[in-house]
Number of protein chains: 2
Amino acid sequence: MVTKQFEGSPADADLTRADSLAREIFSDVANKWALLIIEALGERTLRFSELRDGVEGISHKMLTQNLRMLERNGLVERNVHPTVPPRVEYTLTEPGRALWEMTNEMCGWTHRYLGHIEASRRRFDA
Amino acid sequence: MVTKQFEGSPADADLTRADSLAREIFSDVANKWALLIIEALGERTLRFSELRDGVEGISHKMLTQNLRMLERNGLVERNVHPTVPPRVEYTLTEPGRALWEMTNEMCGWTHRYLGHIEASRRRFDA
DNA sequence: CGGAATCCTGAGCGATACTG
DNA sequence: CAGTATCGCTCAGGATTCCG
């Protein structure tokens, strides 16, 4: 992918920059919590607290932290309703939704190979 | 996905077990290094050292660690050639190859939205 | 060369408390 | 309810060393 080595031709500055940016984005996105959040938001818009117990296992802190990151990258949109008590809703943007399709496939993959993997683990652990 | 809440119907034990297993697998696989390794192995079989400098940024330790994990889950196959010096090659298994298709899409996704994301970041950081 | 083991540091994360 | 801030600790993970 993204992991090529360039030497010194003309437009390389741009290429390597785009490349390192791509790696950075990949690293942001290729993490457990981010993907689980995206997955949860695929169904519908959710509030902060709905996400907190929807994603199970995630801490308050990790949730905000990842939501900020996803917002920064333009994958989720944050909507504050100025009511009291406050109500903040998170929605996938179009890039986020595209990513969601892939988390979906990952879920499908996981279930498809559950048996293989479980078996392989037993073999390995012996 | 995987994050449903069950109450107490008959065959729930199995369902929740499969579910927690699925979450575990997902967590194993949804990590930066694992996915980058899979991506690298997509092209062709690679030796340990080829992976080490192919994946760039990964440490000796992280590489072995992740390779063990991937092997355990049956996503890569480890082949030791009893020569001297030793020669160890890693190949994707069929489940691994299926996963690779998804990392490929992720790479495609990354490049497709590079612009969007970069722009969104600039907006956010202001 | 590939891998295991050891040591050591700091980022990551949970827990808690405080604001609007 | 949502978010920020602070503290403390655990443990991920880098550097190094040794083995087959």
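**Entry 1: DNA strand C**

I started with the protein around DNA strand C in this predicted model. I found 15 residues surrounding DNA strand C, and the closest are A:Ser59, A:Lys61, B:Phe48, B:Arg78 and B:Tyr90; a residue is near a strand if one of its heavy atoms lies within 4 Å of it. Of the atoms of DNA strand C that come within 4 Å of the protein, sugar and phosphate account for 62%.

Before going on, I noted the ground rules: residues are numbered from 1 along each chain as its sequence is written, and chains are lettered from A and ligands numbered from 1 in the order in which they are written. Local features need pLDDT of at least 70, side-chain atom pairs count only at pLDDT 80 or more, totals for chains, interfaces and linings use all residues, and side-chain values use heavy atoms, with hydrogens and water left out.

I then looked up polar contacts, meaning pairs of N or O atoms within 3.5 Å.

- The side chain of A:Lys61 has an N or O atom 2.7 Å from a base oxygen of DNA strand C.
- For B:Arg47, a side-chain N or O atom is 3.2 Å from a sugar or linking oxygen.

Which elements give two or more residues to the surface near DNA strand C? They are helix H4 (60-72) of chain A, and helix H3 (48-54), helix H4 (60-72) and strand E3 (87-92) of chain B. Helices (H or I, at least four residues) and strands (E, at least two) are DSSP runs, numbered from the N terminus. H4(B) gives the most, with three residues.

I sorted this surface into seven nonpolar, three polar and five charged residues. Ala, Val, Leu, Ile, Met, Phe, Trp, Tyr, Cys and Pro count as nonpolar, Asp, Glu, Lys and Arg as charged, and the others, Gly among them, as polar.

**Entry 2: The two copies**

Next I laid chain A on chain B: the RMSD is 0.0 Å, with a turn of 180° and a shift of 0.0 Å along the axis. The superposition is by least squares on C-alpha atoms of residues with pLDDT of at least 70 in both. The two copies are thus related as by a two-fold rotation axis. In chain A, the C-alpha of A:Asn31 is nearest the axis, 2.4 Å from it.

I also checked the interface, where contact means heavy atoms within 4.5 Å. The copies meet through the same surface, because 100% of the interface residues of chain A are also interface residues in chain B.

Conventions:
A polar contact is a pair of N or O atoms within 3.5 Å; within protein, one must be able to donate a hydrogen and the other to accept it, and residues adjacent in sequence count only if both atoms are side-chain atoms.
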